Amino acid sequence: PSFITVPVPLGDRAYEILVGRGLIESAGARIASLSARATAIVTDEHVGPLYASALTASLEAQGLRVSVVTLPPGEATKSYAGLERVCDAMLAARIERGDLVVALGGGVIGDLAGFAAAVVRRGVRFVQVPTTLLSQVDSSVGGKTGINSRHGKNLVGAFHQPSLVIADTALLDTLPLREMRAGYAEVAKYGLIDDARFFAWCEANWQGVFAGGPERDEAVAQSCRAKAAVVVRDEHENGDRALLNLGHTFGHALEKITAYDSTRLVHGEGVAIGLALAFRFSASLGLCPPADAERVEAHLKAVGLPTRLSQVPGGCGTVDALLDAMAQDKKVKGGALIFILARGIGQSFIAPGIAADEVRRFLTG
Ligand code: NAD
Ligand code: ZN
């Protein structure tokens with residue numbers, strides 16, 4: 001099948017992201033070309049039954065030894081207990097330096113398997129085979145891996161770049177619509193950050209992305225290009241990489257308020273509300289044309305994403321609770337919030353030192 005190659009030029013850790021329909025069939029040959037002898041596939045109980053046997057067969061056809069570890073689906077798997085299971089399964093499968101871990105799943109599996117790969121035997125290589133839209137456009141690219149702790153999400157982890165990312169967009173055919181929409185919030189985000197043309201393209205082509213047409217591959221590839229460009233500029237998030245947090249200051253606060261209960265709110269839904277709020281907030285500060293904020297909201301609404309605080313199931317509590325949750329986010333320095341704001345679609349910037357009162361005025365106004 002035809003596919004798009006997106007390079008991630010990170011010096012001696014450079015790798016490629018392959019995007020296309022049906023890539024899983026030839027995944028074995030591509031992974032074998034990285035010259036490992038054994039692979040451990042890490043997957044979850046939703047994805048494993050659908051795709052693990054095709055991937056296993058494709059790897060075994062190349063003479064690779066394959067073992068599979070299947071974990072319960074959901075955020076709770078990104079835990080110390082989950083890490084222990086994956087590390088022990090890798091060691092039981094005699095994975096050595098030079099061998100490969102293959103993450104077959106969404107962001108939960110990618111973050112967990114990537115972190116296990118970073119620490120087992122002080123680091124083995126890994127390949128991402130992302131199976132959700134979110135993981136294809138976001139979490140599988142950039143090398144952030146990790147697990148959650150009782151103190152918060154993603155607080156224990158490592159930077160560990162994959163050796164290859166294989167994004168088979170046909171795998172998204174089985175993804176629940178709600179997860180598809182949630183991942184799409186991150187796609188739209190890339191346009192909103194610094195690519196107004198891509199946002200306009202999204203407005204015109206989103207239906208093809210959902211239907212699985214060639215537009216899906218284009219959207220995934222363009223998102224990967226955008227993320228790769230930011231990661232190459234600022235691998236360890238000392239500066240620019242923070243732009244990727246557009247919509248996430250509000251989004252993370254809403255996830256916290258809804259207790260990370262995915263029946264109420266999934267990450268991308270929080271991000272969608274966060275994106276709409278970031279643009280309305282920017283407009284209320286006189287930074288951004290109100291018409292741009294309206295366009296953002298209209299597009300997210302059109303694809304079926306929530307855009308308003310009133311759409312948070314079970315409510316989002318008081319303004320003070322929301323401000324409290326934002327203050328606990330890591331993007332805070334000395335009482336002032338670090339916000340990503342916008343002068344318009346495709347014109348986002350890091351705005352340090354937004355006073356909590358300013359946000360309160362916006363939220364109550
Ligand atoms: P997920 O991995 O929980 O997957 C969502 C659901 O879809 C799960 O129930 C899963 O089993 C199911 N699923 C996955 N692929 C499927 C398929 N092809 N068909 C049917 N069902 C399928 O969630 P996610 O949204 O992919 O990832 C969220 C995680 O990603 C969070 O833990 C978040 O912290 C992390 N993340 C990491 C980064 C990073 O840079 N490392 C960036 C963004 C998010
Ligand atoms: Zn996100």
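Is Thr 131 buried or exposed? Thr 131 is buried, with 30 other C-beta atoms within 10 Å; buried stands for 20 or more such atoms, the C-beta atoms being placed from the backbone.

The model is predicted, so local features need pLDDT of at least 70 and side-chain atom pairs count only at pLDDT 80 or more, while totals for chains, interfaces and linings use all residues. Residues are numbered from 1 along each chain as its sequence is written, and chains are lettered from A and ligands numbered from 1 in the order in which they are written.

The shell around ligand 1 holds 30 residues, of which His 46, Gly 106, Gly 107, Thr 132 and Ser 139 come nearest; a shell residue has its C-beta atom, placed from the backbone, within 6 Å of the molecule. Two or more residues each come from helix H2 (47-60), helix H4 (107-119), helix H5 (133-139) and strand E8 (152-159).

The unreviewed UniProt entry annotates a "binding site" that includes Ile 109 and Thr 131; such annotations may be inferred rather than shown by experiment.

Contacts (C-beta atoms, placed from the backbone, within 7 Å) are given here without residues up to four places away in sequence. Ile 109 touches Val 42, Thr 43, Asp 44, Ala 103 and Leu 104. Thr 131 is in contact with Val 47, Tyr 51, Leu 104, Gly 105, Gly 106 and Leu 171.

How values were computed. Helices (H or I, at least four residues) and strands (E, at least two) are DSSP runs, numbered from the N terminus. Two residues are in contact if their C-beta atoms, placed from the backbone, lie within 7 Å. A residue is buried if 20 or more other C-beta atoms lie within 10 Å of its own, exposed if 12 or fewer, and partly exposed in between; C-beta atoms are placed from the backbone.
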